[in-house]
Amino acid sequence: MPLHQATPGRRDEVFDLYARDLAEQSLPKYKMPEKSSLADTVYNLIHDELLLDGNSRQNLATFCTTYVSPQAQQLMQDCVDKNMIDQDEYPQTAEIEHRCVHILADLWNAPEASSTIGCSTTGSSEAAMLGGLALKWKWRKRREAEGKPADKPNLICGPVQICWHKFARYFDIELRELPILDGELCMKPEQIADAVDENTIGVVPTLGVTFTGVYEPVEKISAVLDQIEKERGLDIPIHVDAASGGFIAPFLHRDVLWDFRLPRVKSINASGHKYGLSPLGVGWAVWREKEDLPEELIFNVDYLGGQVPTFALNFSRPAGEIVAQYYQFLRLGKQGYTDVQGACAQTAQYLAGELEKTGHFDMLYNGDGGLPAVCYSLKNSDQRAYTLYDVSERLRMRGWQIASYPLPENRRDLVVQRVLVRHGMGRDLMELLVEDMQRTIEFLDRNPMTNSEAGPTFHHGR
Ligand SMILES: *Cc1c(COP(=O)(O)O)cnc(C)c1O
């Protein structure tokens, strides 16, 4: 019998957190416990379980923000009780959301940034769905006005993030995902002409392809679509999935034409919680002009006696990450974002250089010209008694989490690794990673894996 049960009359606070009630059992997994427990005990037990998650800062597979400054954390805390949808009750939070939309519309060169329409979302996935829905509605209206059938919509894209597969399935759209041609890392504009037809609701290039980190060439894609319009009369809009690139290109690659400077770009999505540097989960969708978002998709919410248009799949949402986004915009400014993203890009290029020097890797993308990321494969992999999956697994012993995965359709034979360099990841950490990588390869060379069939241990699309 535990001591505290055998000693009646002693107060709860006297006992050690780990030597009482819930701490002396495995935690309930299927049923709610009958009795309450002390707050500190339960906190510690759950906190301890979370230790097994590993260290998010060493998770080089994620695109998401893992460094959150104390001020942003405090703002998250300040808003923990606020529901973003309650624009009536929390008008200033709603106002901050609108400011963020206008700031982004301006950053992405919308013609009328102060009146452009846009919204926050839970992430790029929701924002992509909203962008896709607007394309579908616009296309259907046009078809119906022409008295033509509107029941077989299709969407053209390169190697896309999983959210576009979801969008296509949930909303009954044929996704025409162009295969990656040999030697390429994303779609080529030349692939588009054969794929489009009168049922194409739009083309979605990705600014910062999930699998490789490169930008798809939006300007050239737009030019190809101009040509198609001239020759075949098909006026096909572009939605840019700029989940990551939307917060990189405006600071590091100002000459790359990918945004509303191209008239054909009608909408853009980005993840505030990726290179937007806000904590999880906020995304953004912005339309070029009001007319690009069909009215039927907008629901009006009462707001201080007026009506505020909303467009969302979710209803209730936390407000903190949106407020933290505004904080980052003000705190960093264009100069700060340029500094942070520039440092990440330099660190990525440094890592690429060092990995190349080891002689063990073929560099596919070295962090220059796209996202601050590195993507590579194992040199002479068919002559080695181990794979990149084994390398990933062994690096985990030092806490590093690096995704290994095959490229999508048509290049599935090529297994790659990808490292995302994010805010808070300096040169020093990368140096340590390179040393660990070197040691890992040396170890695996000395100790061949007899059964090297390890599959992907985690998903790369994050
Ligand atoms: C991460 C990502 C998404 C999904 O965004 P979430 O913010 O995770 O919902 C969509 N597209 C691309 C290109 C991405 O990198």
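Colleague: How far is an oxygen atom of the ligand from an N or O atom in the side chain of S125?
Modeller: The distance is 2.6 Å, from a ligand oxygen to an N or O atom of the S125 side chain. Keep in mind that this is a predicted model.
Colleague: And what about D241, which kind of ligand atom does its side chain sit 2.6 Å from?
Modeller: A nitrogen; that ligand atom is 2.6 Å from an N or O atom in the D241 side chain. For K274, a polar side-chain atom is 2.8 Å from a ligand oxygen.
Colleague: How much of the ligand's accessible area does the protein cover?
Modeller: The ligand has 380 Å² of accessible area on its own, and the protein covers 91% of that.
Colleague: How many residues surround the ligand?
Modeller: There are 13, and the closest are S124, S125, D241, H273 and K274.
Colleague: How does that shell divide into nonpolar, polar and charged?
Modeller: The shell has 9 polar residues, 2 nonpolar and 2 charged.
Colleague: Different topic. Where is Y405 found?
Modeller: Y405 belongs to strand β12, which covers residues 403-406.
Colleague: Is Y405 buried or exposed?
Modeller: Y405 has a relative accessible area of 1%, so it counts as buried, the cut-off being under 20%.
Colleague: What lies 2.5 Å from a polar atom of its side chain?
Modeller: The backbone oxygen of F211 is at that distance from the Y405 side-chain atom.
Colleague: How far apart in space are Y405 and F247?
Modeller: Their C-alpha atoms are 25 Å apart, and in sequence Y405 and F247 are separated by 158 residues.

Note on methods
Residues are numbered from 1 along each chain as its sequence is written. This is a predicted model: local features need pLDDT of at least 70, side-chain atom pairs count only at pLDDT 80 or more; totals for chains, interfaces and linings use all residues. Side-chain values use heavy atoms; hydrogens and water are left out. A residue is near a molecule or strand if one of its heavy atoms lies within 4 Å of it. A polar contact is a pair of N or O atoms within 3.5 Å; within protein, one must be able to donate a hydrogen and the other to accept it, and residues adjacent in sequence count only if both atoms are side-chain atoms. Accessible areas come from the Shrake-Rupley method with a 1.4 Å probe; for residues, only the protein chains shown count as cover. Ala, Val, Leu, Ile, Met, Phe, Trp, Tyr, Cys and Pro count as nonpolar, Asp, Glu, Lys and Arg as charged, and the others, Gly among them, as polar. Helices (H or I, at least four residues) and strands (E, at least two) are DSSP runs, numbered from the N terminus. Buried means under 20% relative accessible area, exposed over 50%, partly exposed in between (1.4 Å probe, protein chains only).
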